[in-house]
Amino acid sequence: MTLCLFSPSFPRFSFPSHRFPNFPSAAYFSKNITFSYYCSSKTFNFKHRASLSEAEGENKVQSELLNDELISRISAAKDASEVLEIISQKTGENGGVISASDCCLIISAALDRNNADLALSVFDAMRSTFDPGTTVSERGPSYDRWRWSRPDVTTYTLLVRGLATSLRVSDALKIIATVCRVGISPSEEVLFGNIVRCPSCMIAVTVAQPQDGIQVVSCSKCRYQYELVSGNIISIESEEISVEIPAWRRGLRFLPMKQNIPAAVHSIVVETPSGMARTHRFATETVDLPAQQGERVTIAVAAPANVYREVGPLKFNPKPPNVYPGEPLCLTNHRDGRESPLLRAPIKDRGPSLLNPSILVPLLAVFATGDAASGMIDPNLPQMITVAAVSSITLGATLNSLVFPLFSKLPQRLVDTIAIRQQLLSQYDVLQSRIKELKGSAENEVWILARMCQLENKIYAVGEPSYRARKSRVKRVRESLESSLRRRIELIESYARISSIIEIEVEMDSDVLAAEAAGNAENIAEQIQQIMELENLEEKWKIQAEANDEAERLLSSEPITTETVSER
C-alpha cells in the first residue's frame, strides 16, 4: 500500500521497488517525470553574455524592474545587500520582491563580469529567504524592504554552468550539493536525519535524528525488534585476526554456501547525546574500519533481554533467530551513509568445544564402537539409542528454527501502524540513492566542462588559425556537456523536491504528534498545579475557619456580668 502524497496538481508518481535505471537520454525522463512545478520553472530563458551567451536559440528576458544600465551597475556590486540598495535608489520604492528571472539576470551579469563572489552572495541571499516569489507588478503583500525570491532549477543550472566556465569548480560542486538538499537554508542545523535499515531484511525502518540516542524500533517486514544506539565514537580499538584457518573450514569454501569469516575485531565506545556511553564489541569480514573516532554512527543490535512479549505464561524475546540478545548486527556511518554488516566476535581464550570437528569426529567414532559393543548384549539397543538421539536432535532443531522464531515475531496488527511510514522511508531511501548517483555524474561533468573551458581559453590565447577546427570541436563538446549537466540538475532538483514531500509527511506523523502530545502534557501539568494550589488554599481556609470557630467558642464560654457591662 502506497500513500499518495501529492495534491491534484501533481501527477501520480510511483516509486519502483528496485533501483532506478541508469541515466539514459532526456526523452526517458521527460516521459516519466512531469511535474507542474518542474515545468513552470523552465517557462523563461535568458541570454548569457560572453562565454555564457553562445548557446543558440535563447532569447533575453524583458524585465520590468531591471534595464541594461541598471544591470551593468549592479554587476559591479560587492554583495547582495549592495544590490538591494542600488535597486531601492533606482526605483524609488522602499520594498518589493525581486523575481526569479531578475535574479538570474543579475547572476548572469555578475558571472559575465567575472564577479563570481557577487553571484554566490545573491544565491545565498535567495536561499535564506522564504518569500513565495510575488513580483512588484503583482498584487502581493506590501513589504517594508526588498526581498529575494527562492532559487529554482534555472538558477541552479545557470550558476553551476557559470562557475564551471569561470574555472571555479569547488564552488560549482557546492551548488550541486545544495540542489540535493532543496528547501534547506544555509547554516541549517535541524536536519531530517539518516535512514537506518533493518539488519535482516534491509528495508528502512526509522530515521536517526541528531538528538536521538537509544531507541527500540520494529520492522514491519520481518516483525522483529532492534535497539538502535546513535552517538559519537569516543574510542575505538581494532585488532586483526591472524589465526590459521582449519582444514575442515578450508574445505567448506568449495561448497556453495555463504561463510562469514571474521578478519578483524573492533571494540568501540559510543556516547549518546544524553551523555550515556556504551561499549560494543564485534567483528568484520574485512580489516577496514567501519567508522573512525569522532564520527557519528548508529549501531543496530538485537532486542535486549529486557524487551520481550508475553504469550501466556511464556516470555519471548522479539529478536532474529540465531543471534544473542543485544548482539551488534549492523553499523551505519552518518558521515557517508555507509552500512557495515557486523559479525559475532570470537571469544577470547576459547576452550575446547564439543562442536569442534576435531573433537566431534572422534567422539562419534567412540559412540559407534559403543553401539557395536551394546549390540552384542541386545540387538535392538543400538537402534533404540539411535532413534532417541535423532528424535531429540530433530525436535530441538524444529523448536529452534520454526516454533520459537514464530512466537518471537510481533503480531501483524502491531506492525501495521508503522508499515506506511516505513514504506515512505524506503521510497525516500531509493530517491536518495538515485540523487547520489546523479550527483556523482554531475560532479564529473563539471570537471570535464571546466577542462573544456580551460582548453578553449588556451586555444584563444595561442591564436593560431590552424586551431579553428579544433576550437569548433571543443565548442560542440562543451555545449553537449552543458546540456547534459542541465538535464541532470533538473532531475536532481525534481527528486529532491519529492524527498522533501516525504520528509514533510514523515515528520507530520511523528514530530508534530509528539509536539502536540508534549503540549497536552504541559496543559495537564498546569491543570494539576492549579488543582494543587486550590487544595492548598482550601486547606488554609479550613484551618482559618477552625481557628475562627475556636475563638468564637472561647468567647462564648466566658461569663459576662452586668457589672462589667456597666463599667464599660
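I will go through the chain as a whole and then turn to two residues, Thr-284 and Asn-94.

Please keep in mind that this is a predicted model, in which local features need pLDDT of at least 70 and side-chain atom pairs count only at pLDDT 80 or more, while totals for chains, interfaces and linings use all residues. Residues are numbered from 1 along each chain as its sequence is written, and side-chain values use heavy atoms, with hydrogens and water left out.

The chain has 14 helices and 13 strands, taken as DSSP runs numbered from the N terminus, with helices being H or I of at least four residues and strands E of at least two. Of its 568 residues, 38% count as buried, where buried means under 20% relative accessible area, exposed over 50%, and partly exposed in between, with a 1.4 Å probe and protein chains only. Among the contacts in the chain with a separation of 6 or more, 68% come from residues 24 or more positions apart, a contact being heavy atoms within 4.5 Å.

Let me now take Thr-284, which lies in strand 8, residues 277–284. Thr-284 counts as buried because its relative accessibility is 5%. Leaving aside residues up to four places away in sequence, Thr-284 touches Pro-262, Ala-263, Ala-264, His-266, Leu-342 and Leu-343, and its side chain reaches the backbone oxygen of Thr-286 at 2.7 Å.

Asn-94, by contrast, sits in the loop between helix 4 (80–91) and strand 1 (96–98), and counts as exposed because its relative accessibility is 63%. The C-alpha atoms of Asn-94 and Leu-84, which are 10 residues apart along the chain, are separated by 10.0 Å.

Methods: Polar contact = N/O pair within 3.5 Å; in protein donor to acceptor, adjacent residues only side chain to side chain.
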